[in-house]
Each structure stands twice: as C-alpha cells, then as structure tokens.
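Please have the sequence and the structure in view while reading.

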Amino acid sequence: MEEKISYSQSGVNIDEGNRAVDLIKKKVKSTYDSNVIGDLGSFSGLYSLKNFMGMKEPVLLSSTDGVGTKLKIAQLMDVHDTVGIDLVAMCVNDLICQGAVPLFFLDYMAVGKLDALKAEKIVSGIVEGCKMSEMALVGGETAEMPGMYSEDEYDLAGFSVGICDREKIITGEGVKEGDAVIGIASSGIHSNGYSLVRKLFIEKLGYSLDKKFEGIDETLGQMLLRPTKIYVKAVKSLLEKYEIKAIAHITGGGLVENVPRVLPDGCCAKIKKDSWDMPDIFTVIQGLDMVEEEELYRSFNMGIGLVLVVDNKVAQDIVNTVQQAGEKAYVIGEITSGGKGVELW
C-alpha cells in the first residue's frame, strides 16, 4: 500500500495560513468605517451605500493593479512593509482621476511559501495605504503556490471601488487652450519602470542596493523602495473648492503617454521639463547618461506623480492649496490648440 500524503507535504501549510489571518485581523478591522457590514472571514466583503443615497445618479468606479517588479527590490532587501502602500496607491490614484471617492479595497497575495510574519508586514502596508486613502480593507486572498514561485517570492494585486455622482465625474471634456497644467510631485519612481531600473543598476552596472551616491543620504535600495504617493486626500480637498477639468495619474508610459489620455481632440499639453524639482533617483539616472531622454520620459514619472488641468486663473491658488496640504506642486505647462498629446520642451 502506498504511503499517504498530506497537503503540507505538497508545500501548502494551512496552519500557517490561519496564523497569518490571526495576525492581521485587528489591523484590517482598523480600516473599517460605519459602512462595512460583517467581519473578516466571510466569503465576500459587504459594504453599505446608505451614506450615498443623496446622490442624483451614483456611479461605482473600479480599478485594479499590482506593484510590478518593484517587488523584486523588496525581496532582495527583505523589506516588506511598504509595498502594500504601493499596491493601494496604484489603484486609488487611478480612481481619483475621475473624481471618485474610494470606498473599499481587496488584495490578492500569491506566495511560494507562506510566512505569517512576512504576510503581516505586507498587509500592514496595505492597511496603512487604505487609511491614507480613507477607505476600508474588506477582504483579500492569500494563495500559497509552491512550484509557481520560489519560497521567497510573492506577487501582489489589488482591487479598489469608489463612487461619484455621474454629473461630477471628471472627463476632461472642458479642457481648452490656455488652461494650466499642474504637476504634483512624486516620491520617486513609484511603481513603474523597475525592469529598466534593474537592467540599468544591477545587470549593467553591477551596483549593490546598499550603494550610496555623493550628496544623497539614502542608499540606492532605499531610494528605489520609497512608497508611491497616495493623492486621495489632496485631490478630495481640491474638488471641494475648485473645478478640476482633468486628472492624469503618471504611471507606465510617463508624462508622454498618460497626459494625452485625459485631453480632448485638438488639445496638446506643452510641458516645461525643468519646471519642477526631481527626486534624487532621477538625477542619478540622468547623470549616468545610459538611457535616452525620450525613453526616460516614457518609462518614468520623472518627478511628477499626478497632473491636473485647471483654468489658468485658479492655477496658483491650487498650487498653494496643495502645498499647504504638505505636497509639492508646480505649474508645469499649459494647454495649446492643435497638435496632439504632449510636447516637452
């Protein structure tokens, strides 16, 4: 008679999964608001819309994303408490581009071998990101997948839902010649372009992640792991006071490909490249002179994480309001007629 085998012998540890849930329960509950129904562990997350019944035509908006190969940097450095912030940011920053108020978030984590303490650190970052976005973490899934991932590898995906009254959804339709283009600063590379980063620093140059550069306090790894900025609170405060005509989240494709997504036909964003302060990591990359400038602006945010298009008359007031909220903002260009997309000069 053949020897019987168990699930744990195949590489899946159910007990460690239960331990992970026990470790994160209290933190997840700290994101709940009065609209969350039920408890962690249900087969689905429940969220009441009772507080939004006053909207004329409430519309749900959704966004899903991941952290990409930035996770490779986190795994090499054995630092796991910030990538959850990145995960939330990549989703909610897309939601707010159309004026949505984030409601709730769900996460998916796939691992080669489940380590409850590591999972707790990752989820702690997700919880922090949800609190920064003023939304609830209502559920998630952790999948132990030996054979798909090595023991130290994991991948993350997130899903967020927001709400907006249909008549207030930001569409970009009102953008016109003479409008101002405002850029809100990024914290660094955020969560796009890391395959190029690893190719450049690790494969081509052989740099270690603890390498330091003259005049910069952080190591290379610390600069690369800076969490993605979450712009929810800043945008919500602006929408209470001003008409924001268009918002673009600067992710993969950079300024060159993301700004045109929110411009109507016949409009071009003319952006002045030296009109904002770049984070140190981009100064380092530029200084290496190993990547063409055009490629840099198509691969990275280059220091601008969110772009707003507003009436020129209120542009400086908006910049001041954003800065009072603790973020750096700049008037980086204007909308012109004719042409298409983005003109960098």
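A110 stands opposite A143 in β5. Strand β4 (residues 101–111) runs parallel to β5 and is joined to β5 by eight bridges, where two strands pair if DSSP finds at least two bridges between them. The model is predicted, so local features need pLDDT of at least 70 and side-chain atom pairs count only at pLDDT 80 or more, while totals for chains, interfaces and linings use all residues. Residues are numbered from 1 along each chain as its sequence is written, and side-chain values use heavy atoms, with hydrogens and water left out.

Helices (H or I, at least four residues) and strands (E, at least two) are DSSP runs, numbered from the N terminus. Four strands, in the order β3-β6-β4-β5, make up an open sheet with mixed pairing. The edges are held by β3 (58–66) and β5 (136–144), and each has a single partner strand, so one side of each lacks a neighbour in the sheet.

In the loop between α6 (220–224) and α7 (232–239) lies T228. T228 is buried (under 20% relative accessible area, with a 1.4 Å probe and protein chains only), its relative accessible area being 2%. Among the residues that T228 touches, leaving aside those up to four places away in sequence, are K70, I85, M90 and H190; contact means heavy atoms within 4.5 Å. The side chain of T228 also takes part in the polar contacts below, a polar contact being a pair of N or O atoms within 3.5 Å, of which, within protein, one must be able to donate a hydrogen and the other to accept it, and residues adjacent in sequence count only if both atoms are side-chain atoms.

| Side chains | Polar contact |
|---|---|
| T228 and D86 | 2.6 Å |
| T228 and S191 | 2.9 Å |

Definitions and conventions
Buried < 20%, exposed > 50% of the residue type's maximum accessible area, 1.4 Å probe, protein only.
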